[in-house]
Amino acid sequence: MAISTASSHTSSTGAAFDFRERVREIRQMLPWDVRTVIGTFHPCPRVNTATRTIHIPFWMLLKSADIPREFRITGTADPRFFNPDFLTEFANWYATVDHSAPEVFSYHSLQWVLLVSRDSEQYEKSKRFALKHEVAHLVYAEQQGPNKLKLHAGWDCVEGQVKRLFGNRFPPRKYQIKQERWCDLHAAQALGEEAGGIYFFSSLRDLEIAGKRHLFGNDPREYAIRCDINGDYRPEFKTARQSHPTNAVRIDDLMRAQFERAHAGNLEFGFK
Ligand SMILES: [Zn+2]
């Protein structure tokens, strides 16, 4: 059956990708005194609060329209999502725009780019959220002061060592997790909406679930033994200390904030 339409025969490559212009657009979303480094190949940006430098992964410079149509996917259920040939073709295309990237791309990162760019509007919102989240870390560091931050980091460490002695292999870093949750809500507050963050963490959660299902041979029992329904390893299967809230917790935080925003000032809510 022919499914292609007239429009799908048009050229699949979008407008020419202008690296400098895209960097300028990103810079406009950040405070003037924040330094940026572009080029890491990772799902998330990160910040160094001491040097006020935000490391921006290259995918954040892309827009959905830059990605040729043959690489557009609908989600993790797309049968091409784990197809090595498809991912290799995508890696080859990716290397034509991202000259700073390493020669070897991980499937995980390629899948992330495919997944997060699938909805052009939400993709843009999620990038704004991710940037604001990193800026929120700078705000948090200023509010707390360097001494309190060091104290919290130190306590996370001490508590970890003590709990390890009592058989708890990987106790979560409580204060670091608290900071991440604060930054999520602060970012959404600054943007006036939670949608970008919810899309961002939902995409990450979908990637985790799909990746682990694949890893366990798509055997539902194997998956259920090791992971919960959000794609997070059960405590006995964790291999590192948790330093960030789970995607499920972050989505939940943002959905609560979204709910409160929608009903703020509506005194009659719930009584009719
Ligand atoms: Zn963070």
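## Overall architecture

The secondary structure of this protein, seen here as a predicted model, consists of 9 helices and 3 strands. Followed along the sequence, these elements occur in the order α-β-β-β-α-α-α-α-α-α-α-α.

The protein has 272 residues, of which 25% are buried. Taking the contacts between residues at least 6 apart in sequence, 64% join residues at least 24 apart.

Helix H7 covers residues 195–215. With 21 residues at 1.5 Å a residue, H7 should span 30 Å, and this agrees with the 30 Å between its end C-alpha atoms. The buried residues of H7 include the run Gly196, Gly197, Ile198, Tyr199, Phe200 and Phe201. Further along H7, Ser203, Leu204, Leu207, Glu208 and Ala210 are buried as well.

The cover over these buried residues includes helix H3 (107–116), H4, H6 and helix H9 (247–263).

## Packing of H7 with H9

H7 and H9 pack with their axes 9 Å apart, at an angle of about 155°. Because this angle is over 145 degrees, H7 is roughly antiparallel to H9. Their crossing is left-handed.

On the H7 side, the residues that meet H9 are Gly197, Ile198, Phe201, Ser202, Leu204, Arg205 and Glu208. On the H9 side they are Asn247, Ala248, Arg250, Ile251, Leu254 and Met255. By class, the residues of this contact comprise 7 nonpolar, 3 polar and 3 charged. Several of the H7 residues named here, including Gly197, Ile198, Phe201, Leu204 and Glu208, are also among the buried residues of that helix.

## Packing of H3 with H7

The axes of H3 and H7 are 10 Å apart, and the two helices pack at an angle of about 135°. H3 and H7 are therefore oblique to each other. The crossing of this pair is right-handed.

H3 contributes His108, Gln111, Trp112, Leu115 and Val116 to the contact, while H7 contributes Ser203, Asp206, Leu207 and Gly211. The residues of the contact between H3 and H7 divide into 4 nonpolar, 4 polar and 1 charged. Ser203 and Leu207, which take part in this contact, are listed among the buried residues of H7.

## Packing of H4 with H6

Helix H4 (residues 120–144) and helix H6 (residues 174–191) have axes 8 Å apart and pack at an angle of about 120°. H4 and H6 are therefore oblique to each other, and their crossing is right-handed.

From H4, the contact is made by Arg128, Phe129, Lys132, His133, Ala136, His137, Val139 and Tyr140. From H6, the residues involved are Gln179, Trp182, Cys183, Asp184, His186, Ala187, Ala190 and Leu191. In terms of class, the contact of H4 with H6 has 9 nonpolar, 4 polar and 3 charged residues.

## The segment after H7

Asn218 lies in the loop between H7 and H8. Its phi is near 55°, a positive value in a residue other than glycine. Asn218 counts as exposed because it has 11 C-beta neighbours inside 10 Å, and a residue with 12 or fewer is classed in that way.

## Two further loop residues

Gln242 is located in the loop between helix H8 (220–226) and H9. With 17 other C-beta atoms within 10 Å, Gln242 is partly exposed. Apart from neighbours within four places in sequence, Gln242 is in contact with Phe170, Pro172 and Arg173. Phe170 is 72 residues from Gln242 along the chain, yet their C-alpha atoms are separated by 7.3 Å.

Arg52 belongs to the loop between strand E2 (46–48) and strand E3 (53–56). Although Arg52 is not a glycine, it has a positive phi of about 50°. Arg52 is partly exposed, having 15 other C-beta atoms within 10 Å.

Note on methods. Residues are numbered from 1 along each chain as its sequence is written. This is a predicted model: local features need pLDDT of at least 70, side-chain atom pairs count only at pLDDT 80 or more; totals for chains, interfaces and linings use all residues. Axes are lines fitted to C-alpha atoms, for helices over the stretch in contact, and angles run from 0 to 180 degrees between N-to-C directions. Helices (H or I, at least four residues) and strands (E, at least two) are DSSP runs, numbered from the N terminus. Angles under 35 degrees count as roughly parallel, over 145 as roughly antiparallel, 65 to 115 as roughly perpendicular and the rest as oblique. A crossing is left-handed if the near helix is turned anticlockwise from the far one by less than a right angle, and right-handed if clockwise. Two residues are in contact if their C-beta atoms, placed from the backbone, lie within 7 Å. Ala, Val, Leu, Ile, Met, Phe, Trp, Tyr, Cys and Pro count as nonpolar, Asp, Glu, Lys and Arg as charged, and the others, Gly among them, as polar. A residue is buried if 20 or more other C-beta atoms lie within 10 Å of its own, exposed if 12 or fewer, and partly exposed in between; C-beta atoms are placed from the backbone. The expected span of a helix is 1.5 Å times one less than its number of residues.
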